[in-house]
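Q: Before any single feature is discussed, please show the sequence and the structure.

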Amino acid sequence: MTGLLLRICLLGAIVLATPARAQTVTGTVTATFDGEDLTWNTLRYGDTGDSESSAAFQGGLGMASLAMQAHRTDRPLTEDVLWVTLTWIGAKPGAGPASLVELEFFPSGSQGAYWTSDAAPQPATATVTQFALTDTAGRAEGTFAATLCRVEKLGADPDSTDCKPITGQFATDFPVIAP
């Protein structure tokens, strides 16, 4: 749940910082959820020298993560958001499977019901097929699969009787955030 609250806070910070800033698409996430094909984009807000990104990599002390907050460009930034977070624990990040994968899908933003892989019958998986990293930026491509269970509202427990599959792929550029 702590990760979810951090993502909600980051979503709020990006949305608040965005209105007067340009958006640039930095990647794409496509998925099939409950039989529907969907496409989202990762975004960079602002100019290159003063920008924020909806995808970012952070690593250090035996753990690294790539968090992708993907948006539908035809919707308000707070609606129809898909979070895909890949974490490597005790392993060098790169091509291959991630140690831990979390997904959250917010069709109506943070005010309505949402879907999470937390407490799903089986763990979410992701395989990175291409991975490049420098001190300041990187790029990742890969696939993911999960079962998402419905959560009625923030703070509620997932309903393990109301779950749906999601499968997809991602390709995104990202900045590296210092640990």
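A: Helices (H or I, at least four residues) and strands (E, at least two) are DSSP runs, numbered from the N terminus. His-71 sits in the loop that links strand S5 (63-70) to strand S6 (81-89). This is a predicted model, in which local features need pLDDT of at least 70 and side-chain atom pairs count only at pLDDT 80 or more, while totals for chains, interfaces and linings use all residues. Residues are numbered from 1 along each chain as its sequence is written, and side-chain values use heavy atoms, with hydrogens and water left out.

Q: Is His-71 buried or exposed?
A: Buried means under 20% relative accessible area, exposed over 50%, and partly exposed in between (1.4 Å probe, protein chains only). His-71 counts as buried because its relative accessible area is 0%.

Q: Which side chain does His-71 meet in a polar contact?
A: A polar contact is a pair of N or O atoms within 3.5 Å; within protein, one must be able to donate a hydrogen and the other to accept it, and residues adjacent in sequence count only if both atoms are side-chain atoms. The partner of His-71 is the side chain of Tyr-45, at 3.5 Å.

Q: How many salt bridges are counted?
A: Side chains of opposite charge can pair when their charged atoms come close. A salt bridge is a side-chain nitrogen of Lys or Arg within 4 Å of a carboxyl oxygen of Asp or Glu. The count by this rule is 5. One of them joins Arg-72 to Asp-80, with the closest N and O atoms 2.9 Å apart; both Arg-72 and Asp-80 are buried.

Q: Which residues are joined with Arg-139 into one network?
A: Arg-139 and Glu-141 form a salt bridge at 3.2 Å, N to O. Glu-141 is partly exposed at 22% relative accessibility, and Arg-139 is partly exposed at 30%. Through salt bridges that share partners, Arg-139, Glu-141 and Asp-173 form one network.

Q: Which residue does Glu-152 meet in a salt bridge?
A: The partner of Glu-152 is Arg-150, at 3.3 Å from N to O. Arg-150 is partly exposed, with 27% relative accessibility.
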